[in-house]
Amino acid sequence: MLNIVLFGPPGAGKGTQSEKIIAEFNLFHISTGNILREEVKQQTPLGMAAKAVMDAGKLVSDDIILQMVEKVIQEHKHKVKGFVFDGFPRTIAQADGLMALFQKLGLSLSGVISLTVDEPELINRLLKRAQASGRTDDTEEVIKKRQEVYRNETVPLLQYYQERNLLYNVNGMGTIEEIYQNIRNILQKL
Ligand code: AP5
Ligand code: MG
């Protein structure tokens, strides 16, 4: 199996690049943000609990996220060639949880692709997307909050995966196609 984490700040292009990866490598996309937005739309108890947290740009609790991810992996692991995690893990507790889950299921993480983009460009992209996305967290204030939460809670994962020799850095500035070619070169070697 090819199991990869696509890592990066809000607006780095995780969703955009995931689409290209799953199409070419035939992998299953697990975006915790997309799953949560669907729960909000369906007004499930989970969605109702998560909405305020998401609208504030903060992180949904690790327990909820890990349960959600386990359910999707359990449902699909026998039918797929691997998973692309997008927007997960976001905390050390989530990363530890993923390792424990993989161990339990006899799976392993192939690599973590980290997209690097400078903050003014991230904010620019998300403000531009705000006009069409309908995402309630794409307002200037919440976009800035999401960047701050990323810096404080998610950046430590870079070192976590570096220490485990799983980290691959990719320049996330440039055209979508250029960035994808660099990701592809890495995936072909994993
Ligand atoms: P989530 O849905 O994961 O959002 P995010 O991390 O804030 O990231 P985005 O989806 O905004 O950006 P992206 O990196 O996918 O970029 P995209 O490809 O869209 O999370 C949302 C919320 O859910 C969180 O705040 C939290 O509350 C909760 N949540 C989710 N996961 C969680 C977890 N694990 N734990 C706890 N809480 C969790 O690109 C952005 C824009 O730029 C697009 O318009 C795109 O077209 C454009 N673009 C892409 N690439 C380029 C390029 N190369 N050049 C120019 N424009 C580009
Ligand atoms: Mg996304």
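Colleague: What conventions apply to the numbering and to the values?

Modeller: Residues are numbered from 1 along each chain as its sequence is written, and chains are lettered from A and ligands numbered from 1 in the order in which they are written. This is a predicted model in which local features need pLDDT of at least 70, side-chain atom pairs count only at pLDDT 80 or more, and totals for chains, interfaces and linings use all residues, while side-chain values use heavy atoms, with hydrogens and water left out.

Colleague: In what order do the strands of the open sheet lie?

Modeller: Helices (H or I, at least four residues) and strands (E, at least two) are DSSP runs numbered from the N terminus, and two strands pair if DSSP finds at least two bridges between them. The edge strands, each pairing on one side only, are S2 (28–31) and S5. With 5 strands and parallel pairing, the order is S2-S3-S1-S4-S5.

Colleague: Which residue in S4 is the bridge partner of Phe 7?

Modeller: Strand S1 (residues 4–7) runs parallel to S4 and is joined to it by 4 bridges. Along this pairing, Ile 4 has Gly 111 as its bridge partner, and Leu 6 has Ile 113. For Phe 7 the partner in S4 is Ser 114.

Colleague: Which residue in S3 stands opposite Ile 4?

Modeller: Ile 4 and Leu 6 point one way from S1, Val 5 and Phe 7 point the other way, and all are buried, where buried means under 20% relative accessible area, exposed over 50% and partly exposed in between (1.4 Å probe, protein chains only). S1 also pairs with strand S3 (residues 83–86) in the parallel sense, over 3 bridges. There, the residue opposite Ile 4 is Val 84.

Colleague: How many of the residues of S4 are buried?

Modeller: S4 is joined to strand S5 (residues 167–171) by 5 bridges, and the two run parallel; in this pairing Ile 113 has Tyr 168 as its bridge partner. Helix H8 (residues 156–163) lies across S1, S4 and S5, running at about 125 degrees to S5. Strand S4 (residues 111–116) is mostly covered, and the buried count among its 6 residues is 5.

Colleague: Are H4 and H5 roughly parallel or roughly antiparallel to each other?

Modeller: Axes are lines fitted to C-alpha atoms, for helices over the stretch in contact, and angles run from 0 to 180 degrees between N-to-C directions. The axes of helix H4 (residues 62–76) and helix H5 (residues 92–105) come within 10 Å and cross at roughly 30 degrees. Angles under 35 degrees count as roughly parallel, over 145 as roughly antiparallel, 65 to 115 as roughly perpendicular and the rest as oblique. H4 and H5 are therefore roughly parallel.

Colleague: Is Gln 147 buried or exposed, and what is its relative accessible area?

Modeller: Gln 147 lies in helix H7 (residues 140–154). Leaving aside neighbours within four places in sequence, Gln 147 is in contact (heavy atoms within 4.5 Å) with Pro 9, Pro 10, Glu 119, Leu 122, Ile 123 and Leu 126. Gln 147 is buried, with a relative accessible area of 1%.
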